Amino acid sequence: VQHNLPVSGLWNFDHPDEIKKTYSDLASLAAESHPDLIVFPLYDVPEDPLRNPAFFSALAQKMNTPILLAAHIPKTPDGSILEEGYLSVAVFYSKEGKILGHHQSVQTAPSFGVLKEWTANSYEMLESPWGKIGILLCYEDANPAIAKEAVKQGAKFLMALSNPGHFSNTFLPHYHLIQDQLRAIESDLPLVRVSSNGYSAFINPRGRLLQKSHLNQEEILAGEV
């Protein structure tokens, strides 16, 4: 699901209800094709989807479909991102609304401000009914070593969850897409890229784009991995 909401920042704090409605509406549209999994990109969602998962747990139950999403959350429960920094995490919900696992990034994004990103000490996979998922959060897809670690740990496919929306008027979204094509080729695994504002894509193990979204558009891609 490429929701094309405004780039993360102060807008998010002022529009939590609009964000929740957009996620709910797009999840409903995605669920019409009865997918095995609905995936949302990296984005600053309201509340904390790892420690306070009520909204997304209910959404997964309502859709009767597992949901995978990524977000920036405070370093500590009920803490402040502005005061203590943040974690980049992917959270995996079952169709019953239970958290089946989460992944914390091991690669920091380039520093564009004063906020500190805290990373995990080691790379961890997500277990799923379809095998192990190798998660690449944001700039993790630019590091070949992380995808190689996912392969080493037995990944069946790669999932790149990203948000380059601050740079949608530059070549960066295109470069990110190319990086994911390279990761698919190097790992010999299919890769699904899900971006807030684009590009999102299905990529086969040879790096071929099977599907590709448009930039700066709301769009849902459906495919088989």
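How many residues apart are Arg183 and Glu186 in helix H6? Keep that in mind as you click through this predicted model.

**Stop 1: helix H6.** Select Arg183 and Glu186. They sit three residues apart in the helix, which puts about one helical turn between them. Now look at their side chains: the two form a salt bridge, with the closest N and O atoms 2.8 Å apart. Arg183 is buried, at 2% relative accessibility, while Glu186 is partly exposed, at 44%.

**Stop 2: Arg193 and its partners.** Asp141, Asp180 and Arg193 belong to one network, joined by salt bridges that share partners. Start with Asp180 and Arg193, whose side chains meet in a salt bridge at 2.8 Å, N to O. Asp180 is in helix H6 (residues 172-187) and Arg193 is in strand E7, so this pair ties together parts 13 residues apart in sequence. Check how hidden they are: Asp180 has a relative accessible area of 0%, and Arg193 has 1%.

Asp141 lies in the loop between strand E5 and helix H5, so here the tie is between parts 52 residues apart in sequence. Asp141 is buried, and Arg193 is too.

**Stop 3: a hairpin.** Jump to residues 86-93 (strand E3) and 99-104 (strand E4), which run antiparallel and are joined by five bridges. Pick Tyr93, and you'll find Ile99 of E4 standing opposite. Five residues separate the two strands of this hairpin, and Gly97 in the turn has a positive phi of about 90°.

Conventions. Residues numbered from 1 in each chain as written. Predicted model: local features only at pLDDT ≥ 70, side-chain atom pairs only at ≥ 80, totals over all residues. Heavy atoms only, no water. Pairing = 2+ DSSP bridges. Helix = DSSP H or I, 4+ residues; strand = E, 2+ residues; numbered from the N terminus. Buried < 20%, exposed > 50% of the residue type's maximum accessible area, 1.4 Å probe, protein only. Salt bridge = Lys/Arg side-chain N within 4 Å of Asp/Glu carboxyl O.
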